[in-house]
Amino acid sequence: MYTIENDNLIVKINAAGAELNSIVNKPNNMEYLWSGDAKIWGKKSPVLFPIIGTLKNNIYFYNHKSYHLNRHGFAREMNFSVTNQDTTSITFTLENDEHTFTVFPFHFLFSINYSLRENALYVTYSVTNSGAEKMYFSVGGHPAFKMPIAEELNYADYYLQFNKVENTGRWPISKDGLIELEPTPLLNNTNKLDLTKELFYQDAIVFKDLHSNEVTLKSDKDTAGLSFSFKEFPFLGIWAAKDADFVCIEPWCGIADSVNTNQDITQKEGIIELKAGNDFKRTWSVAIF
């Protein structure tokens, strides 16, 4: 376990999956990240790479070959190397190997930098195409925040406040984990989503077309909360396991397959195409208060 720290935050990260493990607000000594109870959901903040969500039949096609890749990809199950570290920042790196080639036929360097500035944690994903041909991938985050944040409150005391008024629906997820063809109503001329555990009984809330690029998790009954910025991510997921005491705020560059996919990764919705020798970088952040 690795630790970075400043005057406001103590953050711990595990080299296994380069997974965020703890965010403690030093002024009030409160933990903001989910405990990772394996009986409910054993992850805390898995990294999603080189796909997000589920592929149809867990298979995609590239250059007339089929590849099997499980939900959310392989990075969350692999050990990263620490390639840079100081008191307030740390970088983890993963490189292609014999195992990754069997499911993902591309050369890559994938790095994740965690850095602290005042009361905020910044998480930057950097992907380098180190091969000789175009690379196709998705990348995103899956941090799970403890709910309620203040132990004396209830889950339903909290809500998500978007930084712009929204008129948009959620994209339903099929029983096979695929995105349906039409959204269902959710946000109607509002910037507020009240949180209830029932919201997630039909899997995650998936947004494709938000105007907002920041969302605040807060309660009117307490001053503790967090603001989550996803300015560089075109998709957003909100999820919790059934009746679990957490909420995931998930910034995505990419999305699960649609129910009518042809499974060609080069035509997949939201897929990133990166030319040989080029780099791709995206950052999300969470400010704790």
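Q: Which residues line the largest cavity?
A: The lining consists of Leu 20, Ser 45, Pro 46, Val 47, Tyr 114, Val 123, Tyr 125, Gly 141 and Trp 284. A cavity is a set of points on a 1 Å grid over the protein atoms alone where a 1.4 Å probe fits but cannot get out, and lining residues have an atom within 4 Å of a point.

Q: Where do these numbers come from?
A: This is a predicted model, in which local features need pLDDT of at least 70, side-chain atom pairs count only at pLDDT 80 or more, and totals for chains, interfaces and linings use all residues. Residues are numbered from 1 along each chain as its sequence is written, and side-chain values use heavy atoms, with hydrogens and water left out.

Q: OK, back to the cavity. What volume does the largest one have?
A: About 40 Å³, where a volume is the space filled by probe spheres set on the grid points, which are joined across faces, edges and corners. Searching the whole structure turns up 1 cavity of 30 Å³ or more.

Q: Which residues lie nearest its centre?
A: Gly 53, Arg 71, His 72, His 142 and Glu 250, out of the 17 residues that line the largest pocket. By class, the pocket lining has 9 nonpolar, 5 polar and 3 charged residues.

Q: His 72 then. Is it buried or exposed?
A: His 72 counts as buried because its relative accessibility is 5%. The cut-offs are under 20% relative accessible area for buried, over 50% for exposed, and partly exposed in between, with a 1.4 Å probe and protein chains only.

Q: What about the phi of His 72?
A: Phi is near 70° there, a positive value in a residue other than glycine. His 72 sits in the loop between β6 (65-68) and β7 (81-85). Asp 243 also has a positive phi, of about 60°, and is not a glycine. Asp 243 is in the loop between β19 and β20.

Q: Which peptide bonds to a proline are cis?
A: Among them is the bond from Phe 49 to Pro 50, with omega near 5°. The bond from Met 147 to Pro 148 is cis too, with omega near -5°. Pro 50 is in the loop between β4 and β5 (59-62), and Pro 148 is in the loop between β13 (144-146) and β14 (158-170).

Q: New topic. How many salt bridges are there?
A: The count is 10. A salt bridge here is a side-chain nitrogen of Lys or Arg within 4 Å of a carboxyl oxygen of Asp or Glu.

Q: Which residue does Lys 26 pair with?
A: Lys 26 pairs with Glu 5, and their closest N and O atoms are 2.8 Å apart. This pair links distant parts of the chain, 21 residues apart: Lys 26 is in the loop between β3 (19-25) and β4 (30-31), while Glu 5 is in strand β1 (residues 2-5). Lys 26 is partly exposed at 32% relative accessibility, and Glu 5 is partly exposed at 31%.

Q: And Lys 197, what is its partner?
A: Lys 197 bridges to Asp 245, with the closest N and O atoms 2.8 Å apart. The pair ties together parts 48 residues apart in sequence, because Lys 197 lies in the loop between β15 (184-194) and β16 (205-207) and Asp 245 in the loop between β19 (235-239) and β20 (246-253).

Q: Which residues form a network of salt bridges?
A: Lys 43, Arg 76 and Glu 77 are linked that way.

Q: Last one, the whole chain. How many helices and strands?
A: The protein chain has 1 helix and 22 strands. These are DSSP runs numbered from the N terminus, with at least four residues for helices (H or I) and at least two for strands (E). Helix α1 covers residues 98-103 and contains Glu 98. Glu 98 counts as exposed because its relative accessibility is 71%.

Q: What share of the chain is buried?
A: Buried residues are 56% of the 289 residues.

Conventions
On a 1 Å grid over the protein atoms alone, a cavity is a set of points where a 1.4 Å probe fits but cannot get out, and a pocket is an open set with protein on both sides within 12 Å along at least five of seven lines; lining residues have an atom within 4 Å of a point. Ala, Val, Leu, Ile, Met, Phe, Trp, Tyr, Cys and Pro count as nonpolar, Asp, Glu, Lys and Arg as charged, and the others, Gly among them, as polar.
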